[in-house]
Protein chains: 2
Amino acid sequence: MWCFVAILPNLPGSRLPTQAPRASFRPLGLTSLHSQARTGTRLSPQNRKECSLVRRLLALGFLWTLPAAAEEGMWTYDAFPREAVKAAYGFEPSQAWLDRMRLSSVRLAGGCSASFVSPDGLVMTNHHCIRSCVQDLSSAKRDYLATGFLAKELKDELRCPKVEANQLVAMTDVTARLQGVTKGLSGPAFNTALKAEMSKIESECATGPELRCDVVTLFNGGKYQLYKYRRFQDVRLAFAPEFSMAAFGGDPDNFNFPRFGLDAAFLRVWDANGQPLKTEDYLPWAKDGAKEGDLVFVSGHPGATDRQSTVAQLEFERDVSLPFSLLYMAERRGLLREYASSSPERFRTTRAKLRSVENALKGLRGRHQALAEPSLLASKRKAEAELRAKVAADPKLKEHAGAWDAIAHALDAYRPLVAEYRLEEVGYGFASELFDIARHLVRAADERPKPNTERLREYTEGQLPALRQQLLREAPITPEYEILSMTFGFNKLRETLGADDPFVQTVLGREAPEELARALVKGTKLFDVKERQRLLEGGKAAVEASKDPMILLARRVDAQAREVRKRYEDTVESVLNKNGELLAQARLAVYGTSGYPDATFTLRLNYGVVKGWEQNGRQVPPLTTFAGAYARHTGKEPFRLPDSWMKAQGKVPGETPFNMATTNDIIGGNSGSPLVNRDGRVVGLIFDGNLQSIGGDYAYVPETNRAVAVHGEGLLRALEHIYGASRLVKELRANQQ
Amino acid sequence: MWCFVAILPNLPGSRLPTQAPRASFRPLGLTSLHSQARTGTRLSPQNRKECSLVRRLLALGFLWTLPAAAEEGMWTYDAFPREAVKAAYGFEPSQAWLDRMRLSSVRLAGGCSASFVSPDGLVMTNHHCIRSCVQDLSSAKRDYLATGFLAKELKDELRCPKVEANQLVAMTDVTARLQGVTKGLSGPAFNTALKAEMSKIESECATGPELRCDVVTLFNGGKYQLYKYRRFQDVRLAFAPEFSMAAFGGDPDNFNFPRFGLDAAFLRVWDANGQPLKTEDYLPWAKDGAKEGDLVFVSGHPGATDRQSTVAQLEFERDVSLPFSLLYMAERRGLLREYASSSPERFRTTRAKLRSVENALKGLRGRHQALAEPSLLASKRKAEAELRAKVAADPKLKEHAGAWDAIAHALDAYRPLVAEYRLEEVGYGFASELFDIARHLVRAADERPKPNTERLREYTEGQLPALRQQLLREAPITPEYEILSMTFGFNKLRETLGADDPFVQTVLGREAPEELARALVKGTKLFDVKERQRLLEGGKAAVEASKDPMILLARRVDAQAREVRKRYEDTVESVLNKNGELLAQARLAVYGTSGYPDATFTLRLNYGVVKGWEQNGRQVPPLTTFAGAYARHTGKEPFRLPDSWMKAQGKVPGETPFNMATTNDIIGGNSGSPLVNRDGRVVGLIFDGNLQSIGGDYAYVPETNRAVAVHGEGLLRALEHIYGASRLVKELRANQQ
């Protein structure tokens, strides 16, 4: 499914950088997401037949060097190709249309997209985007993942402890300012100057906690913009279906189509006065549902793509980065499956995490398979050779000609560092929510006394509201699960780095992983939000006085972890940043500025049509129906329709459209994006891509790349006739046209 | 540790081809081991520092194109470089010396090496080579893996249900005969003719069940030999230490050095009259233990190497084959760890299997890391280009010039087939010992009525004794574990091929994986050896009349599984065989015949010296001591010395050598090989390699590649003073010189 990150609580790569993949910002959860280090959660092909179709297309070879296909492109709002849409479809979005779409779009800071769908702050997104909220609000007696959740009245809506929603209100170009301070610099000096200026710009902009300001890196540094968001932290759950219906078909059907999932949920943003947010910007529901061939738009936040990566970066991803993540995830999945199967309460508390791991695994595997396809890299090699030749031939680009080799050398330097960096600093070696919290408390105490521009990026003033929310969230942490997960992390640490490694010795000493994990979790007081607050507000004195074993561990390892981070940033990241910028500038100089930047979890708009595709000579229709869902029901998980559906059988006509496929160019992070028609009205809800869109990380294949959405009509009817959500349906229908 | 295969019961790739990697022979357990499909169990580097050393050496680049280093080479006995040894060490092994070594060497058909060490049939090997026997002989009340096993008297020795020992008595060249029947053929015709003639030669040779005859493929088909073995199926356990001592340091220390493991066991071969086998050929124990710098020999059965593989084959291994196996193993490991941790009985029944999976995983990961090292493939590319140029320039080799491309195309054809082939035919999709048995019964019933040369290779007359032993073994099968493992297999099947795949539909229908696995295991009678015997002897009529659900499943999927096997054999294997042969001939024509063939689990001899190596500027000494073992004891698994050792502390002087490193060129399958001095006397027992020997699959790096052995003196002293194995010590000391 189409979630980007943030869906792996306690796992590295699970939370989100505001500006992936450039800077080292890590909002919480020690989880920077570098283009090399990321453990994103994208799509994947597992069906060999479907794969072979992609393969045949890839084998054509020219795909990667062609000009962008019609529907290709994750466009920034300030460069949307209005004329191209007009030429192809006879419809040109006006500036007012674009502004309304932008202001109706919502980013969930955890890694998803969403949209305002009523003037009273109602927000539509995917169930899988707020699954951890549903989990957090549940208990052994009241399992909303199992039963679903419906707030009968406004007052019954329940606050999600960890959800932050953002609305993009302004975008300002700051390229000149940033390139000014880094001019002539390279290596660590480049990095330091860049990050300091970013922090400065952001803190100048963020005049209060109600604003979030992120310097956004586009075109790998070819362009920088300051994105100013309204920040909403009081976000409440209004409706969620049963997990089994949201994820109907489970892991086997994930990333597949035809599909039959109600991966939808409704939230509501509440204002500072404890009232539903009044908003003029929202998307009304369309009266007529989308049909095959309809022009449709997606406004959302694609997380990360690697379409501009060099061949060396792609090879590194294939040979080093992805295998590391894949093996970690695969073992973790085996562990969680068996753990979850051993008792109902373990199942309840682990189900959502397991699904996230499985989704990540399928996505990562798909990316690996795409890169392992020889024709993809062959085409990338060809394109790279062409660009290099053009750059070499242009005396004005002399400074840029060495960028490819510099990147390759930085990756050579990264190779022997990957395991250390990820395990010790990114968090793979701890895999613990409590440790994350402890490390943030320890580091915040060290960093906050420093001048803003000298801090680690995740502790700058602009980031503190998010940090505060994360640290002081009232979400349950399951001790038994923490022990399991931390034991796993310690085992990985020891087995990867060796029992005699100094860092491993600092962590374990002569302790066994499980015993240590158990002692830490049993001994810590960090379950208690008040204790976290005391340490956060008490600063360095409070932290240094603490005898909490988790705090002590975080302090014990901090010097070594910071050292490996510094080595990574100085020898790898800074070189990638500097030379990524040089390459981006060279590309702009040679090919012009008409393209779109790689995805960076910032707001993008794209267009496409409702359309199936051909597979093994057979046409896959773009729409599925309610009747299809009932036909796929076997009564056995994950193909078991919930009781609500079985009881309501027949209430929604069988031919009602349920899910649909479109040609929109999306990727992880777009989950929860609204699908709208040319009138800017909701006709669907993006939640996934098909298997063939696997290569979307590296290139868009128009023949087969499909986004997958819940059909707007099907969604309304399910709400009304299966879930009896008349209050919400009334609210949605109020402005239906 | 240095086990080759056979250590993964119920898992694909776990048992052994007699002639890997050429023919499709699969002795039992649906486990052919093709060079592309194999799930071998080799070495691995996990410590980044140690890796970086290998990396630096690899980075020199020329290593792979240099002439063989002094100690490099897994030599067949008929081509041992006696003069080279004489030139380097002033000692030339005589023919009698070689013959005695060969006849004293023992192959354990499951995938290990061993040796006769007394005139009464006593056999020395590794604990990990007979771990499944120790497990099979154990029960909840009598856990020999935990306590170790010592037969006080001869009569107390216990028969291992599954162990077959082989002694190589004759080797005959059959190259002309095989190349005669395949002359002018290609594709499936080549394959069919080759396999039929192999079966014919083998059945002519194997005049009784006491003989085992295998046509052995050397130099990828440049040479074929008929290996004639004495076959021993009554093999009994005399001594095994505690699992925790055999595998001291567990997974973290596996493939590491310095090392402190007593990975040793003693078996005894009994003759047809129920008496200990009298043998003139055995290796006496050396009186003086090996010291640093001593010349030492290893006689054993390296399982498989890929030093002659083409670049396309290595890339396929890196991008497709290894990732597939790695992900499967990693998830399985997570599952088994959690399962084993949930009860003492589960721990007891799973411990050995888990260790095997962990060992396989570490080995596969190491191979992947070696291939992901850019300099390795760069050097291979260079060497290949040189050979191609020489072949292209020689008109006599015209026929051979297309072999590289033909192999690459066959691998392209294999790519979309890998998952299907492995899951449906090789057995990854079932992962069940009971299903293995059912499939063999079903196929044996179909195949045995056919003429010998037309059967699937694993059902030819020559292979029936091994098949019979495997099917009729009195080894316990744990129902709960079978359900767990089979559920895992079914889940992999469905998730990889998709819920709607025809094969998946044939297996699962509308059933859920776990429910189906449970029903099959609860319903089958194949736990009962008598029932298996009835079906084996009853043939087709009995099998077709059976209502056993496992038999019915095996029958239901057989047509589809055979079809995918045929597709694999016709479009992939036959091309690889034919063109592997062409390449081997070209290589022989260009470079002469002075080399050694890639390992194929056939008997090889090599030489080396007791020697440490330099690591990060620090010298690693070649010997460890008993004192070192006690120093490493933390009291916590896997660094907990067993009670026997704690009680006996001080009885063996601390400076007594325990483990050692040598420069011998070995690989998985060499586990259990004797290490002998120039007098042909035992000075040690090979059980592992160091992390740096990781590249050994692809090339031998003399500076750092080290074999790891139990020191002969330490082994005797442990037997005597820690285990009180006076009967065995007396037998071993009787001929000590």
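Reader: Is A:G250 buried or exposed, and how is that read?

Author: Burial is read from relative accessible area, with under 20% counting as buried. In this predicted model, A:G250 has a relative accessibility of 9%, so A:G250 counts as buried. The residue lies in helix α9 of chain A, residues 250-253.

Reader: Which residues is A:G250 in contact with, leaving aside neighbours within four places in sequence?

Author: A contact is a pair with heavy atoms within 4.5 Å. For A:G250, with those sequence neighbours set aside, the partners are A:R355 and A:P638. A:V701 is 451 residues from A:G250 in sequence, and their C-alpha atoms are 26 Å apart.

Reader: How many residues of chain A count as buried, as a percentage?

Author: The figure is 69% of 737 residues. The chain has 25 helices and 19 strands. Its radius of gyration is 24 Å, close to the 27 Å of the globule rule for 737 residues, so chain A is as compact as a globular protein of that length. Of the contacts in chain A between residues at least 6 apart in sequence, 80% join residues at least 24 apart.

Reader: At what angle do the axes of α12 and α21 of chain B cross?

Author: Crossing angles from 65 to 115 degrees count as roughly perpendicular. The axes of α12(B), residues 374-393, and α21(B), residues 549-591, cross at roughly 85 degrees and come within 10 Å. The two helices are therefore roughly perpendicular to each other.

Reader: Which residues meet there?

Author: From α12(B), B:L387, B:K390 and B:V391 meet B:A586, B:R587, B:V590 and B:Y591 of α21(B). By class, five are nonpolar, two are charged and none is polar.

Note on methods. Residues numbered from 1 in each chain as written. Chains lettered and ligands numbered in written order. Predicted model: local features only at pLDDT ≥ 70, side-chain atom pairs only at ≥ 80, totals over all residues. Heavy atoms only, no water. Axes fitted to C-alpha atoms, helices over the stretch in contact; angles between N-to-C directions. Helix = DSSP H or I, 4+ residues; strand = E, 2+ residues; numbered from the N terminus. Parallel < 35°, antiparallel > 145°, perpendicular 65-115°, else oblique. Nonpolar A, V, L, I, M, F, W, Y, C, P; charged D, E, K, R; others polar. Buried < 20%, exposed > 50% of the residue type's maximum accessible area, 1.4 Å probe, protein only. Rg over C-alpha atoms; globule rule 2.2 N^0.38 Å.
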